[in-house]
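Try each one before reading on to its solution.

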Amino acid sequence: MIKEQVLEDVKSAMKARDKQRVNALRLVAAEIKRKEVDERRPVDDATAIAILEKMMKQRKDSHGQYLAAGREELAAQEAFEMALIQSYLPEPLSAEEVEALVEQVMTEMGADHISKMGQVMGALKAQLAGRADMGPVGALVKARLSA
């Protein structure tokens with residue numbers, strides 16, 4: 001499980017005295033723990049992936065803002081954290097694989113009108129969790145259903 005892997009990696013980073021890695025991993029572990037406390041149940045891998053995706057999105061936004069403000073050292077820290085978080089996410093799909101999956105789901109559901117977009121996106125979200133950015137996927141689905 002992702003949670004156990006993060007906790008093991010915190011221990012190894014502490015033994016290696018890698019302060020930057022320890023701090024970043026503790027942020028991930030704390031976010032997972034917060035979710036467990038809030039929901040009063042253990043976090044499974046699907047929930048952990050959702051947490052990591054949210055953290056990744058926050059880091060991307062911060063990274064861009066730091067670069068725009070000329071804060072290179074803070075941007076570098078965000079880039080480090082993004083790389084670390086990405087290592088726990090599943091391997092991303094290529095654009096071609098995403099397009100093929102969109103076509104497959106639309107065919108299976110018989111989606112031929114924009115009114116079916118919500119159903120298609122719901123089915124795709126389950127299959128693409130952690131493996132593709134849903135923003136461009138949504139635009140692709142909308143374009144296919146509008147045509």
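**Exercise 1.** By class, how many nonpolar, polar and charged residues does the lining of the largest pocket have?

*Solution.* Keep in mind that this is a predicted model. Start with the pocket itself: its volume is about 550 Å³, and 21 residues line it. Sorted by class, the lining has 11 nonpolar, three polar and seven charged residues. Those nearest the centre are Glu-53, Gly-130, Ala-132, Asp-133 and Met-134.

**Exercise 2.** Find which element gives the most to the lining of the largest pocket.

*Solution.* First, list the elements that supply two or more residues: helix 3 (45-68), helix 6 (117-128) and helix 7 (134-146). Then pick the top contributor, which is helix 3, with eight residues.

**Exercise 3.** Which side chains does Arg-144 meet in salt bridges, and what parts do these pairs tie together?

*Solution.* Step one: Arg-144 pairs with Glu-99 at 3.6 Å, N to O. Arg-144 lies in helix 7 and Glu-99 in helix 5 (residues 95-109), so this bridge ties together parts 45 residues apart in sequence.

Step two: Arg-144 also pairs with Glu-103, at 2.2 Å, N to O. Glu-103 lies in helix 5 too, so here the parts tied together are 41 residues apart in sequence.

Step three: check accessibility. Arg-144 is partly exposed at 29%, Glu-99 is partly exposed at 36%, and Glu-103 is partly exposed at 34%.

**Exercise 4.** How many salt bridges does the structure hold?

*Solution.* The count is 12. Elsewhere in the chain, Glu-31, Arg-34 and Asp-38 are linked in a salt-bridge network.

Key
Residues are numbered from 1 along each chain as its sequence is written. This is a predicted model: local features need pLDDT of at least 70, side-chain atom pairs count only at pLDDT 80 or more; totals for chains, interfaces and linings use all residues. Side-chain values use heavy atoms; hydrogens and water are left out. On a 1 Å grid over the protein atoms alone, a cavity is a set of points where a 1.4 Å probe fits but cannot get out, and a pocket is an open set with protein on both sides within 12 Å along at least five of seven lines; lining residues have an atom within 4 Å of a point. Grid points are joined across faces, edges and corners, and a volume is the space filled by probe spheres set on the points. Helices (H or I, at least four residues) and strands (E, at least two) are DSSP runs, numbered from the N terminus. Ala, Val, Leu, Ile, Met, Phe, Trp, Tyr, Cys and Pro count as nonpolar, Asp, Glu, Lys and Arg as charged, and the others, Gly among them, as polar. A salt bridge is a side-chain nitrogen of Lys or Arg within 4 Å of a carboxyl oxygen of Asp or Glu. Buried means under 20% relative accessible area, exposed over 50%, partly exposed in between (1.4 Å probe, protein chains only).
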